[in-house]
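Me: Please take a close look at one contact surface in this model for me, and then follow the fold on one side of that surface. I'd like a connected walk-through, with the cut-offs spelled out as you go.

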4 protein chains.
Amino acid sequence: MSSSFGQMLRITTFGESHGGAVGVVLDGFPARFPVSLEVIQAALDRRRPGQSSLTTQRRESDTVEILSGVQDGLSLGTPIALMVRNEDQRPRDYANMVDAYRPSHADFTYDVKYGIRAASGGGRSSARETVGRVAAGALAQAWLAATYGVEIVAWVSQVGTISARVNEDTVTVAQVDANDVRCPHPEHAAAMIASIEAARRDGDSLGGCVSAVARGVPVGWGEPIFDKLEADLAKAMMSLPATKGFEIGSGFAGTQMTGKSHNDAFVKDEAGRIVTTSNHSGGIQGGISNGMPIRVRVGFKPVATISSEQETVTPEGEATVLAAKGRHDPCVLPRAVPIVEAMLALVLADHALRHSAYSHLPHP
Amino acid sequence: MSSSFGQMLRITTFGESHGGAVGVVLDGFPARFPVSLEVIQAALDRRRPGQSSLTTQRRESDTVEILSGVQDGLSLGTPIALMVRNEDQRPRDYANMVDAYRPSHADFTYDVKYGIRAASGGGRSSARETVGRVAAGALAQAWLAATYGVEIVAWVSQVGTISARVNEDTVTVAQVDANDVRCPHPEHAAAMIASIEAARRDGDSLGGCVSAVARGVPVGWGEPIFDKLEADLAKAMMSLPATKGFEIGSGFAGTQMTGKSHNDAFVKDEAGRIVTTSNHSGGIQGGISNGMPIRVRVGFKPVATISSEQETVTPEGEATVLAAKGRHDPCVLPRAVPIVEAMLALVLADHALRHSAYSHLPHP
Amino acid sequence: MSSSFGQMLRITTFGESHGGAVGVVLDGFPARFPVSLEVIQAALDRRRPGQSSLTTQRRESDTVEILSGVQDGLSLGTPIALMVRNEDQRPRDYANMVDAYRPSHADFTYDVKYGIRAASGGGRSSARETVGRVAAGALAQAWLAATYGVEIVAWVSQVGTISARVNEDTVTVAQVDANDVRCPHPEHAAAMIASIEAARRDGDSLGGCVSAVARGVPVGWGEPIFDKLEADLAKAMMSLPATKGFEIGSGFAGTQMTGKSHNDAFVKDEAGRIVTTSNHSGGIQGGISNGMPIRVRVGFKPVATISSEQETVTPEGEATVLAAKGRHDPCVLPRAVPIVEAMLALVLADHALRHSAYSHLPHP
Amino acid sequence: MSSSFGQMLRITTFGESHGGAVGVVLDGFPARFPVSLEVIQAALDRRRPGQSSLTTQRRESDTVEILSGVQDGLSLGTPIALMVRNEDQRPRDYANMVDAYRPSHADFTYDVKYGIRAASGGGRSSARETVGRVAAGALAQAWLAATYGVEIVAWVSQVGTISARVNEDTVTVAQVDANDVRCPHPEHAAAMIASIEAARRDGDSLGGCVSAVARGVPVGWGEPIFDKLEADLAKAMMSLPATKGFEIGSGFAGTQMTGKSHNDAFVKDEAGRIVTTSNHSGGIQGGISNGMPIRVRVGFKPVATISSEQETVTPEGEATVLAAKGRHDPCVLPRAVPIVEAMLALVLADHALRHSAYSHLPHP
């Protein structure tokens, strides 16, 4: 198992869905930065189950505790350990899952790899692991905003077959949070909500996409060749449960364009900065931020846990059928929004520090 | 700059497009494995410029030399350093590029980040850096095949707006290499070739997609949470020049499906193994290989270097126009095929070793 | 700050001496191994303050809690988070230390580096950070014993100017724990105890050495060139607070010998194994274990905190005098014994896994 | 095998003693710094065999070639690959070593671990591997001097039983290089030379110590907890062939002192800086540089290769005798001086960059 991510700013997450606690150690966070429990809690509240009719009714307050690294509201430069106790444990809802491999879940692969498996919930493969990411990401996001003026906004851009086009230059968190599905386009949001409710009634589930933008990133972040900004972003996002695809800038649509139309022309703007007239590059060229908004899109598969009956096998390979009891989201997209923001913030903050090492060197 | 990739099997690449040499140090490669110069050279020959009318006419033999780590044709378990001298240097072709930022290239970001830039070619951001990846990947691929029976095949699945559907269970390298565009679907290949030649005549360029499959991967490779197999694959692919998107399994198309249709049902096959009846998961569940073919797709933008005139600025921000002289590919896709194979092999071999550490532990 | 150590078996420690908690996340620990709270607690009890008259009277039960990674007494293969709440906080004892830099402490360097400092105790630089190491090390030690039959024993081999020679082939933990100073040589132990008590009365402190041996390590652990076993052991030990020196095998005494006498002759033993007739190498040759006992020695400086008055400066650089109030050990050596054992176990277990990746590879 | 070292400034060495080449890739080196082939070559010349009567007569010019990362004498910020061809290969000198394990060499452990071994010389375990370290270290040393005014000097402080005390505040490289044994104390140097020549005549060998100092290191370098400056220095030095011990500051002698005498009192100096009146800490407190000279000492065992007959076994375990033919140093200490300087420089430069990331952060 490999539970750490990042080089200079590094998170280590821990915890199963049903166990003592989940949490994170955030190491390398700059000293003397205000650390607010409220900021962390607010981010967790956006990720929490039970916050709307669209999400699982598992009820956990997800109250975070700071175990270390903070004194009088300021970071000490030492590891910040954040913990959330697991509260609402109903292993009985999962009883039948011990005896059958849930389709498109990690039950089978965990069993073969580890020879043991958390008896209820997804264990470590559960989306509950992302509690630690969101908690740490909230601090990274606050630091990026205060230090560099970076603004990060994510939103649901697709649910099932319903897509919404959103102005990435202007979209705000308030617009995103204005409805339960977290799509800042009101009409499409309504359609998405209706389709999620239909899926739930049908014992089915939906996938979709989260898009995100980071505005105000300075030129120069990213460490080619292997730690290109888009490479680390891709890894960050594809480490999230249920992700199937990642795009930077023009993405797969861009692969159908020609060089003439895809190239982003450089011009000098009114402020005298070199900018591009289009942003197919998604704010990154050669693995390094170019000052334009960084634009990513992340695809999530439909939730694997559904209440309809599905064919599967027992660990012994005997055919059986399985229908999920208990509580589960028919669509994870709304809750994925703060998670994508967190990973975007963690990657950017790590690279801000890595770049800072060189960009501020004293010169002979 | 960060030029190393992998944990137990680790590559470190070096070299600019126009300098003394490019190469790679492959560390952690198992001892006593046959290392054949021919195997490495054959892989490089598939990546080499000038191999067909579709690719750049830059003529370099890309002859590889083994500097260390091999004795009497066997690996010593020590770092294998592989070097290719740069031969065909025509810095004059790039003279005008010193004075203008090529649109959608790394010129601008490298200049700001490093305050210096290789005066010709793309320097380190050139696709020439991938020579080292392909050389090391050839050894990883040979080792995976011999040790685990893993078969890796990549092909061009899209050029511009032309897509080809290919049977991932049966496609072979011979089929891929049967034509210059490396698309194993003859009719679509012909259309792709025609479109590339049209783009070249038009001073334009095309993008597209490379798909790849790894067959025969055992159950159990991949290290959740952060080093999930798809996360490391995403990073590997998105560290390649010109990539805009990555998909695993059903990819973005899968995000439009519902849980009922997307879930891969488990069954026992004739051999008594647990397999899935569909493979939307792309051979990975919970970040761990499940024994089904691993399927990835990588999107490449249209080549940024085109011979048509484009608007841009000088380093001082003055407006200018630029038209590429010299030699360049109107479409990198055919040459990207061995590169994608190499990265797929390097990730899998690294994870084979990481998993081996635990799977073969003596037990008390 | 960098709070992680190890590659495949990796610890991340967190916590200040006076804060919410201290702890560790142990990642990469093999699945299905019995994890006993008692084993962890027993190791912590050997490290705990207040266990004898020789150590600080700070009274903390150091009760450990397992937050994750364990189910029904077995490891899940997932991160094991262990936490110890801080109980006995007397910041008033440290009040004067805010205003003066304690000589040979980290107050000054932390202040300059981080611009902030835990207001009481040593914060992160306190030996209390080692709670996490000991807790994780206890599991590593149990795993090494059960899986490979490795026996690890550490003891106090020197206090001040009193040294004790101990038979490394036979010394046991029971002999070590037979007295408060943890020196398995009864007469020298008595002299050491007397000297520690004298130092305390005198408002002074003593240093010394901990020696350790790992018996039963198989041939082959260690990853040259940079992760040689002795290199990682050196880093592990020199990352402990107050360490001034590290030796492997013959150590500095060996540097005064000649090749003829220092070389360890190979012979075949009765069991047919290749062994050496002497062990100046300390069980490691070329960075790799050779099957002989691994012998290390670690030097600790005299405790910096003393109750006698010392000259120092305030953060503003004004001269002042400082005498420690509160509770402190006149000699840390007895409590360092389990800490050295923990670091030895963590390094060996990490390398056992790294070697296992290659040694059990299937062969073509 | 693990052939990389460092986090932000990272070296990857490659090459066997008898193969195509040895070398290094230096990654993360700052851009726009003058890279002089002469500086690198001069460092290698100090490490080269055959430079005096005290060292092996193996004659290799060790001519270095820059393969990448430099343009017009300036670093590009990209990996700098440096290569030295192996010239003087006399595998016949080593013929008998294939059939017998050289005592206190890595032959046995490499054979067991890798199942294969470079047939002549030490292969990868040879001191020839340090060519890459010295080449990269020369650049790190030049950069530290130009950027921070750091001065690094190493010298032979002990040969066999002859020790020389040297003023660490004033010793210069010129004084060190004034004699063949590189001990800046002329009388002791003469005695050391005599003892080395006697050992050679006697078919024997000597060990000893190299001491080193880094003056002018700013306050703040080092990343507790695990990447404390002394921990990384210990690892760096103990990764060198033949090392048996490492000391920082007062070292093992300091363990015999008491707190009152060992503590370094803080005072304000004439320039208004906070300094210490003694330097038992060796310039590091809490793992972080405190502005005082960094003082280390490294112990090397007597050379294992001696021309006298020694008892050993064949790979099959049969008893045999072995006497080294060929050329070998009776004492490696003089040639270890530039190697210790290189490792000291590489660790400090890596930590300079790591600290720079935080110390120059823009503040909100």
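Reply: Happy to. Chain C and chain B bury about 1,700 Å² between them, and carbon and sulfur atoms give 66% of that area. Buried area here is the accessible area (1.4 Å probe) that two parts lose on being put together, summed over both. This is a predicted model, so local features need pLDDT of at least 70 and side-chain atom pairs count only at pLDDT 80 or more, while totals for chains, interfaces and linings use all residues; side-chain values use heavy atoms, with hydrogens and water left out. Residues are numbered from 1 along each chain as its sequence is written, with chains lettered from A and ligands numbered from 1 in the order in which they are written.

In terms of contacts (heavy atoms within 4.5 Å), 21 residues of chain C meet 21 residues of chain B. Six residue pairs, with both residues at pLDDT 80 or more, are in polar contact across it. That term stands for N or O atoms within 3.5 Å; within protein, one must be able to donate a hydrogen and the other to accept it, and residues adjacent in sequence count only if both atoms are side-chain atoms.

On the chain C side, α3 (130–148) and α9 (333–359) are the elements that give two or more residues, and α9(C) gives the most, with five. Helices (H or I, at least four residues) and strands (E, at least two) are DSSP runs, numbered from the N terminus. By class, this side has 13 nonpolar, six polar and two charged residues. Ala, Val, Leu, Ile, Met, Phe, Trp, Tyr, Cys and Pro count as nonpolar, Asp, Glu, Lys and Arg as charged, and the others, Gly among them, as polar.

Now to the fold of chain B. Five of its strands form an open antiparallel sheet in the order β1-β2-β3-β7-β4, where pairing requires at least two DSSP bridges. Three bridges join β4(B) to β7 (residues 80–85) of chain B, and B:Ile66 has B:Leu82 in β7(B) as its bridge partner.

Helix α1 (residues 37–47) of chain B packs on the sheet, touching β4 and β7, and its direction makes about 150° with that of β4(B). Helix α3 (residues 130–148) of chain B also packs there, touching β2 (10–14), β3 (21–27) and β7, at about 35° to the direction of β3(B). Axes are lines fitted to C-alpha atoms, for helices over the stretch in contact, with angles running from 0 to 180 degrees between N-to-C directions.
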